[in-house]
Amino acid sequence: VVLRREIYAVAALVGAVAVVVLDLLGQAGPVPLTLAAGLVFGLRLVALRRRWSAPVASLRPPRPGAPDAF
């Protein structure tokens, strides 16, 4: 469920990128990191409120006569 339709992984990725950027800028103190955590929390709340979901790949077999994707 976590990596299927919910925005957990996307929010976590946004938070990880924010922490890396803060560290590269030399701003990895308690306040900026708390703000990054708040960003992840806020993104997750907005996703729940607006019922956002991540796209899901379909595993349908190819149609007969359809060109190969690869």
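Residues 31-48 are 100% helix and 0% strand, with their end C-alpha atoms 26 Å apart; helices (H or I, at least four residues) and strands (E, at least two) are DSSP runs, numbered from the N terminus. This is a predicted model, in which local features need pLDDT of at least 70, side-chain atom pairs count only at pLDDT 80 or more, and totals for chains, interfaces and linings use all residues. Residues are numbered from 1 along each chain as its sequence is written, and side-chain values use heavy atoms, leaving out hydrogens and water.

An unreviewed UniProt entry lists residues 7-25 and 31-48 under "transmembrane region"; such positions are given in the numbering used here, feature names are shortened, and annotations may be inferred rather than shown by experiment. The span 7-25 is 89% helix and 0% strand, and its end C-alpha atoms lie 27 Å apart.

Helix α1 comprises the 17 residues 8-24 and reaches 24 Å from its first C-alpha to its last, close to the 24 Å expected at 1.5 Å a residue (the expected span is 1.5 Å times one less than the number of residues). Its buried residues are Ala11, Gly15, Ala18 and Leu22. Seen down the axis of α1, these fall within an arc of 60°, so they line one face of the helix; the arc is that of the directions from the helix axis to the C-beta atoms. The buried residues of α1 pack against α2 (30-50), where contact means heavy atoms within 4.5 Å. On the other side of α1, Leu13, Asp23 and Leu24 are exposed. Buried means under 20% relative accessible area, exposed over 50%, and partly exposed in between (1.4 Å probe, protein chains only).

Just after α1, glycine 26 takes a positive phi of about 75°.
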